[in-house]
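Work through the exercises below with the sequence and the 3D view side by side. Try each task before reading its solution.

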Amino acid sequence: MAPIIRPATKADEAALSNICLLTANAGTSSKDLHTHPALPGLIYSLPYVNLESTWGFVLDDEGEVVGYILGAFDTRKFEESAETEWWPLLKERYGPLLQDPNAALTAADRTYINTLMAFPRASDAQMTFAPAHLHIDILPSHQRQGWGRRLMGRAIENLKENGIQSVWLGMDPRNTEAAVFYGRLGFRKVEGTQEGIMGITVQEIRLDKIIVSSVLVILSV
């Protein structure tokens, strides 16, 4: 049976965290870079099934979640929600480790902890381009099979249904394969932003080879 695309739920948290870990190093696994492997997901995937103004879809292959696309309709509302409902508990849990000489922290652990201690807000340039943002990650086993386009197609349909006209994302500039993928879809650098911030309007995105339905996204052949 072919994989399906369905809404993400809190029940998917373990899978979302694992996928984030296995793709967090510029599209490759960061598993060996952490003694606290939950950190990437706590910052970049789990908030999207817990906070205000969020949405998400997962790629489900016979009960196994192998990819996701997650985002926020209103980034400022998302940031405000995170400041009161998400970051405080994580700061309490991980912040003391930065001062503990006995904490077995890797360089990657420290980077992620410092990020959650002062998570950067989206710039004015990003918000001028679009209030909405998204993240997409797929396990290597299901990459280069058209699933990225199908997940993006479902996300764009969802944005249109909710009156969103444009969206941006942030990517690691080292991830050249992702840059090519986004470029083929029509994403471009958002003017006035740092490297790796790309955006698109829902009218511009090139999904002409995809048939989108509310249940399954099917690649036409």
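**Exercise 1. A pair within one helix**

Solution. Start with the helix. Helices (H or I, at least four residues) and strands (E, at least two) are DSSP runs, numbered from the N terminus. An α-helix has 3.6 residues a turn, so residues three or four places apart point the same way.

Next, look at the side chains. The term means a side-chain nitrogen of Lys or Arg within 4 Å of a carboxyl oxygen of Asp or Glu.

Last, check burial. Both Arg-76 and Glu-79 are buried. Buried is under 20% relative accessible area, exposed is over 50%, and partly exposed is in between (1.4 Å probe, protein chains only).

Before going on, note what you are looking at. This is a predicted model, in which local features need pLDDT of at least 70, side-chain atom pairs count only at pLDDT 80 or more, and totals for chains, interfaces and linings use all residues. Residues are numbered from 1 along each chain as its sequence is written, and side-chain values use heavy atoms, with hydrogens and water left out.

**Exercise 2. Other salt bridges**

How many salt bridges does the structure hold? Describe the ones made by Arg-6 and Arg-174.

Solution. The structure holds ten. Arg-6 pairs with Asp-12, and their closest N and O atoms are 2.8 Å apart. Arg-6 is partly exposed, at 21% relative accessibility. Asp-12 is buried, at 6%.

Now take Arg-174. Its side chain meets that of Asp-172 in a salt bridge of 2.7 Å, N to O. Asp-172 is partly exposed, at 26%, while Arg-174 is exposed, at 54%. Elsewhere, salt bridges with shared partners join Arg-76, Glu-79, Arg-121 and Asp-124 into one network.

**Exercise 3. The core**

Which residues of the largest nonpolar core touch the most other members?

Solution. A nonpolar core is a set of buried Ala, Val, Leu, Ile, Met, Phe, Trp, Tyr and Cys residues joined through side-chain atoms within 4.5 Å. The largest one has 59 residues, and Ile-69, Met-152, Leu-159, Tyr-182 and Phe-187 touch the most other members.

Then zoom in on Ile-69. Beyond its neighbours within four places in sequence, the contacts of Ile-69 include Trp-55, Phe-57, Leu-134, Ile-136, Leu-151 and Met-152. Contact means heavy atoms within 4.5 Å. A second, separate core has six residues, among them Met-127, Ala-130, Trp-168 and Val-190.

**Exercise 4. Two helices meet**

At what angle do α3 and α4 pack?

Solution. Helix α4 spans residues 87-94, and α3 packs against it at about 45 degrees, with the axes 4 Å apart. Axes are lines fitted to C-alpha atoms, for helices over the stretch in contact, and angles run from 0 to 180 degrees between N-to-C directions. The two helices are therefore oblique to each other. Angles under 35 degrees count as roughly parallel, over 145 as roughly antiparallel, 65 to 115 as roughly perpendicular and the rest as oblique. At the meeting point, Ala-82, Glu-83, Thr-84 and Glu-85 of α3 face Trp-87, Pro-88 and Lys-91 of α4 in contact.

**Exercise 5. Loop residues**

Where do Ala-26, Ser-53 and Asp-74 lie?

Solution. Ala-26 is in the loop between α1 and α2. Ala-26 is not a glycine, yet has a positive phi of about 55 degrees. Ala-26 is buried, at 15%.

Ser-53 is in the loop between α2 and β2. Its phi is also positive, about 70 degrees, although Ser-53 is not a glycine. Ser-53 is buried, at 17%.

Asp-74 is in the loop between β3 and α3. Asp-74 is partly exposed, at 24%. Beyond four places in sequence, Asp-74 touches Ser-53 and Pro-131.

**Exercise 6. Confidence**

Where does pLDDT stay under 50?

Solution. pLDDT is the predictor's confidence in each residue, from 0 to 100. The chain mean is 93, and 93% of residues reach 70 or more. Over residues 209-221, pLDDT stays under 50. Where pLDDT is low, the predicted coordinates should not be read in detail.
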